[in-house]
Amino acid sequence: MITREEIANVLDHPVYDGDGNKIGDAKHVFFDDMTGRPEWVSVKTGMFGSNESFVPIRDASLVQDHLEVPYRKDQVKDAPNVDVDAGGHLSETEEHRLYDYYGINWDSVLSEAERTDDGRWAAGTGTAGTAGAAGAAGAAGTAGYQDAPERTGMRDDAMTRSEEQMHVGVERRESGRARLRKYVVTEEVQQTVPVSHEEVRVEREPITDANRDAALSGPEISEDEHEVTLHEERPVVDTETVPVERVRMTTEERTENETVRGQVRKERIEAEAEATTDDDTRRGRT
């Protein structure tokens, strides 16, 4: 039988069957509530330790750096799945199932548990799979263990209530892209500009003493022509490229409130009472 002092050499160490086949790694050790003796060891089996099987530790032996149990590997892997309550205890029903599966007589277990090591009769036995369960230490995967209750039957009956808390943070991620793009458009522009042109106007003046000499300088009767060139102005359009403004992009950060909703789980603890039977008293259950 494995002693309490050897528990540190059991947790997280390999467990082999009687034929030398590795079953898995020991993860938790369960003590009897009254005697404080190790009763069960849970072994991680399956690929990547996905399953946890219970094996009686009463007939196990510590060999060098591993634990050997007198049960075949396939028998351990096919052991019934049991639930451990929040206090780290096996129920009496679950323990019955395990004892029956491994062929251990329940009455013989009670007979052993009802007598302490010094020969005195104990007040009763606790469920053999309860206690300590290498509780906090074993669950964390260390080589320690939590002390089992003393033979007086007293143990810490307090439960730890836990709850989830929601922590909301922020993450910075890309939400889009912005760019400046320059392109050319053509639009109609209208502008009014004054233009002038020359027109012919015939002026007649009478013969006077002032212009008489000029009037009589030519032949008396003849044919003649006099030509005048006319001018006009027309609008002329020309374009010139000139800079008008500079355009750039910048970013500014705006902060706004956003409501985040989530779900958190909380444990609740309620007290339940049930009648005590004579059979329960004999087994030390309260």
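## A buried aromatic residue

With a relative accessibility of 1%, Tyr99 counts as buried, a word used for residues under 20% relative accessible area, whereas exposed means over 50% and partly exposed lies in between, with a 1.4 Å probe and protein chains only. Trp40, at 0% relative accessibility, is buried as well.

This is a predicted model, in which local features need pLDDT of at least 70 and side-chain atom pairs count only at pLDDT 80 or more, while totals for chains, interfaces and linings use all residues. Residues are numbered from 1 along each chain as its sequence is written, and side-chain values use heavy atoms, with hydrogens and water left out.

## Aromatic pairs

The whole structure holds five aromatic pairs, that is, rings of Phe, Tyr and Trp (its six-membered ring) whose centres lie within 6.5 Å, called stacked if their planes are under 30 degrees apart, edge-to-face if over 60 and tilted for the rest. In one of them, the ring centres of Phe30 and Phe54 are 5.3 Å apart and the planes stand at 55°, so this pair is tilted. Phe30 and Phe54 are both buried.

The rings of Trp40 and Tyr99 also make a tilted pair, with centres 4.9 Å apart and planes at 50°. Trp40, Tyr71, Tyr99, Tyr101 and Tyr102 together form one aromatic cluster.

## The side chain of Asn211

Asn211 is buried, with a relative accessible area of 16%, and its side chain reaches the backbone nitrogen of Thr208 at 2.6 Å. Beyond its neighbours within four places in sequence, Asn211 is in contact (heavy atoms within 4.5 Å) with Glu205 and Pro206.

Note on methods
A polar contact is a pair of N or O atoms within 3.5 Å; within protein, one must be able to donate a hydrogen and the other to accept it, and residues adjacent in sequence count only if both atoms are side-chain atoms.
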